[in-house]
Amino acid sequence: MSATGVFAEAQAALAARLDALSIVNTADPRNARPMSVLIEPPSFTAFTYNVLKMTFTLRVLAAPPGNQDAIDYLYTTIDTIINTTTIDVLEGRPSMTTIGGQDIPSYDLTVAVATQRA
């Protein structure tokens with residue numbers, strides 16, 4: 001059974017925007033892997049007049065061990081995301097993500113999404 005409602009719709013719209021940029025992405029942590037973007041569950045700050053303001057963390061995952069090749073991938077991918085007019089990036093910060101017991105160099109982008117309940 002797949003999720004429905006404004007949260008699932010906003011997540012699906014964000015995934016479609018990443019797809020349009022040819023960026024491999026997933027919202028399922030079990031499928032997170034280097035050279036992709038993990039869409040984490042959103043936070044939300046307001047629900048007024050049927051409009052929901054939420055933020056998602058996009059975790060851009062590079063290949064270990066965190067050398068210059070990994071940094072180049074991170075920079076190129078986040079620049080591609082920031083350069084589009086379809087994704088509203090609020091902030092970004094370097095990070096490390098543990099997947100299967102291995103530390104993965106990553107970059108976390110906070111993006112804003114607004115959606116309206118019909």
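Student: Is T57 buried or exposed in this model?
Tutor: The model is predicted, and the values here are computed from it. T57 belongs to strand 4. Its relative accessible area is 17%, and the cut-off for buried is under 20%. T57 is therefore buried.

Student: Which residues does T57 touch, not counting those up to four places away in sequence?
Tutor: T57 sits in strand 4, and residues up to four places away in sequence are left out of its contacts. The contacts of T57 are then L38, I39, E40, D108, L109 and T110.

Student: Which residue meets D108 in a salt bridge, and in which strand does that partner lie?
Tutor: The side chains of D108 and its partner R59 come to 2.9 Å, N to O. D108 is in strand 6 (residues 102-116), and the pair links distant parts of the chain, 49 residues apart. The partner is R59, in strand 4 (residues 51-61).

Student: Are D108 and R59 buried or exposed?
Tutor: The cut-off for buried is under 20% relative accessible area. D108 has 5% relative accessibility, and R59 has 17%. Both D108 and R59 count as buried.

Student: What is the N to O distance in the salt bridge of E91 and R93?
Tutor: E91 is partly exposed at 45% relative accessibility, and R93 is partly exposed at 31%. Their side chains meet in a salt bridge, with an N to O distance of 3.5 Å.

Student: Which parts does the pair of F7 and F44 tie together?
Tutor: F7 is partly exposed, with a relative accessible area of 35%. The two residues of the pair are 37 residues apart in sequence, so the parts tied together are helix 1 (residues 6-20) and strand 3 (residues 43-48).

Student: What is the distance between the end C-alpha atoms of helix 2, and what span should its residues have?
Tutor: Helix 2 has 16 residues, and at 1.5 Å a residue they should span 22 Å. The distance between the end C-alpha atoms agrees with this span, at 22 Å.

Student: Why do the buried residues of helix 2 line one face?
Tutor: The buried residues of helix 2 are A70, Y73, L74, T77, I78 and I81. Seen down the helix axis, they line one face because they fall within an arc of 115°.

Student: Which residues of helix 2 are exposed on the other side, and what do the buried ones pack against?
Tutor: On the other side of helix 2, the exposed residues are D69, T76 and N83. The buried residues of helix 2 pack against helix 1, strand 2, strand 4, strand 5 (88-99) and strand 6.

Student: Which residue caps the N-terminal end of helix 2?
Tutor: The cap involves a side-chain oxygen that lies 3.2 Å from the backbone nitrogen of D69. The residue that caps the N-terminal end is N67.

Student: Where is the cis peptide bond that has omega of about 20°?
Tutor: P65 is in the loop between strand 4 and helix 2 (68-83). With omega at about 20°, the cis peptide bond joins P64 and P65.

Student: What is phi of S22, and what is phi of M35?
Tutor: S22 lies in the loop between helix 1 and strand 1 (25-26), and at 66% relative accessibility S22 is exposed. M35 is in the loop between strand 1 and strand 2 (36-39), and is partly exposed at 42%. Phi is positive in each of these non-glycine residues: near 60° for S22 and near 70° for M35.

Conventions
Residues are numbered from 1 along each chain as its sequence is written. This is a predicted model: local features need pLDDT of at least 70, side-chain atom pairs count only at pLDDT 80 or more; totals for chains, interfaces and linings use all residues. Side-chain values use heavy atoms; hydrogens and water are left out. A salt bridge is a side-chain nitrogen of Lys or Arg within 4 Å of a carboxyl oxygen of Asp or Glu. Helices (H or I, at least four residues) and strands (E, at least two) are DSSP runs, numbered from the N terminus. Buried means under 20% relative accessible area, exposed over 50%, partly exposed in between (1.4 Å probe, protein chains only). The expected span of a helix is 1.5 Å times one less than its number of residues. The arc is that of the directions from the helix axis to the C-beta atoms. Contact means heavy atoms within 4.5 Å. A polar contact is a pair of N or O atoms within 3.5 Å; within protein, one must be able to donate a hydrogen and the other to accept it, and residues adjacent in sequence count only if both atoms are side-chain atoms.
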